[in-house]
Amino acid sequence: MAWRRRYDHVWFVLPGLLFFAVFIVYPTVSAFGLSLFDWKGIGRDVHFVGLANFAEALSSWPFYRAALNNLIFFVAILIFQHTVGLLLAVQLNARPRFMEFYRTVLFMPVIISLVATGFIWTLMLSPNIGFINPVLRDLGLGFLARAWLSDTTWALPAVIVVQAWNLLGWSIIIYLSGLQNVPQELRQAAELDGATAWQGFWHVVFPLLSPSFTALTVLTFIQIFRVFDVVYVLAGPLGAPAGRTDVLGTLVYRTAFGAGAMTSADARMSYAIAMSVLIFILMAAICAGLVHTLRKREAAV
Amino acid sequence: MTRRAVRASDVARHGLLAGACVVVLVPIVYMVIASFKSVPDFFTNPYGLPSRWVWENYTRAWNEAKIGITLPNSIIVTAVSVLGSTFLSAMAAYGLSRRERPLAMALYLLFIGGMLVPVQMIVLPLFILLRTLGLFGTLFALILPYIALGLPLGVLILTPIAATLPRDLSDAARIDGAREWRIFLHIILPLMRPGLAAVAILNGVWMWNEFFIPLVVAFKPQSQTMPVGIVAFIGTYSTEWGLVFASVVVATAPLILAYLLMTRQFVAGLTAGAVRG
């Protein structure tokens, strides 16, 4: 009876824990295990190869190219979120008229799937049937018109813009909730001291927003290093054109199931799993470093 | 500040916000307009209204783009997964909220740690596991992983809420002879309602839109949800843009409608998720 009283809470945890163990813990352990083997994904042709898969990934050019694209992607989105997102959050926080309307509209892309977002923009950017090129021509900017998604220079920036459109709401949500915790009196005190609105913001308000800065940076890091849907829809599993938009997500997918839709001849399941394990370890390490540095920055202000 | 300066900054503020709203709304409106266009209309009239409103895009999409199958699938998968993972999260959160009990803290950290595991890493072993369990071709291949993947966020949001519930309530009920289970259903669960809504909204939006897991485990329309169904359709009929956009509108409209009807709950839920996640 005493034992029952002591552990009765465990019964409430057990069903959830069962799901968690079977569909999250087991596949995680299994991923680490399979990464040490050579296996195509089907059949019984399985060999233990130790860390060879990891060594191969770390010495292959596509892996670095994809990681570099993720990095460019991350830096661009990060700058966008911390400038445009913050600017719009500050405007909303001033509680202008129609504030409810603006907020409702600006948050909306967050609930729209990346697949839908990808389709909408594929069509808008299309050189044949899209509307961005005709609009540019009508504005007298016809020289800017191009086949955005098959242009080796502009494909990646185009994909980044599409993702930025979808993610903008998150930065506004996070900064707005941060701004609502900044006491109004602090800003007013700064203004009475003769500080301009900009100085007041930069020296008084922005430092108080550092928890939002941390949360948004970490969230963006996780979102962008796992990016897949937008690239898959806009550029296909090969990261067209010529791998210019290839990211780690598409690289792993393509390696696991083969590049062709119907053939799995070049599929290398265990190598793909090893790559995803490697990405997970690197991301966890960078993320921990990021959180550590940003928290120190929060404590300093 | 002088009145004129106030007015100037007001104009700038409304200009910025309205400009951003236009950038957000144009693609959404464009999607709806595109869903009513005929194929030649896309070429001759790229950014005007349809020369003829082709409602058949929707009826044809229902059959040809298989949304007559994938829409019910999306509804079933999302509804069952949201209910399942919210309910199991609430149970786990209630059990874990007494942190002084043995194991509670360790299990809590284990659940939260699940947030760090990327879907990309587990989806391949999951593929093998589901194939072994014989779940391929059924909606359970999506529902069971979704329930599990919804738990970390649910536990993260609900455990602190469960911990703040007054203990005397359940103690009083216990003295009255109520069993733990009935205390949970009739006292604890109703008190957690705002937290449950946040969890259901966050997980629901994610599950409705999720693309990667069905891309890997669902090959036929019978077991596909809308996002993968649309991508599979475009692979076969890549010029039928009107049908594609009719499907995209059908896949997007339910969420936008729910968002417009419950903006306050969505904003609260998304804020809770963004700041904690």
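Reply: **One residue and its surroundings**

F36(B) is buried, at a relative accessible area of 8%. Here buried means under 20% relative accessible area, exposed means over 50%, and partly exposed is what lies in between, with a 1.4 Å probe and protein chains only. The model is predicted, and local features need pLDDT of at least 70, side-chain atom pairs count only at pLDDT 80 or more, while totals for chains, interfaces and linings use all residues. Residues are numbered from 1 along each chain as its sequence is written, chains are lettered from A and ligands numbered from 1 in the order in which they are written, and side-chain values use heavy atoms, with hydrogens and water left out.

Over all chains, the structure holds 40 aromatic pairs. One of them joins F36(B) and W55(B): the ring centres are 4.7 Å apart and the planes stand at 65°, so the pair is edge-to-face. F36(B) lies in the loop between helix 1 (3–34) and helix 2 (39–44) of chain B, and W55(B) in the loop between helix 2 and helix 3 (56–64), so that the pair links distant parts of the chain, 19 residues apart. The rule pairs rings of Phe, Tyr and Trp (its six-membered ring) if their centres lie within 6.5 Å; planes under 30 degrees apart count as stacked, over 60 as edge-to-face and the rest as tilted. Helices (H or I, at least four residues) and strands (E, at least two) are DSSP runs, numbered from the N terminus.

Another residue of chain B in a loop is E240(B), between helix 12 (226–236) and helix 13 (241–261). E240(B) counts as buried at 18% relative accessibility. Leaving out residues up to four places away in sequence, E240(B) touches V39(B), R60(B) and F233(B), where contact means heavy atoms within 4.5 Å. The C-alpha atoms of E240(B) and S38(B) are 8.5 Å apart in space, although the two residues are 202 apart in sequence.

Helix 10 of chain B (residues 193–209) has 17 residues, twelve of them buried, so this helix is largely enclosed by the rest of the structure. Among its buried residues are L196(B), I201(B), M207(B) and W208(B).

Aromatic residues also gather in a cluster formed by F228(A), Y232(A), Y253(A), F257(A), F127(B), F136(B), F211(B), F212(B) and F219(B). The contact between the chains takes 87 residues from chain B and 86 residues from chain A. Together the two chains bury about 7,900 Å², 81% of it on carbon and sulfur atoms; buried area is the accessible area (1.4 Å probe) that two parts lose on being put together, summed over both.

In chain A, S35(A) sits in the loop between helix 1 (2–34) and strand 1 (37–38). S35(A) is buried, at a relative accessible area of 1%. Beyond residues up to four places away in sequence, its contacts include G50(A), N53(A), F54(A) and S270(A). Chain A as a whole has 13 helices and two strands, and buried residues make up 54% of its 301 residues.
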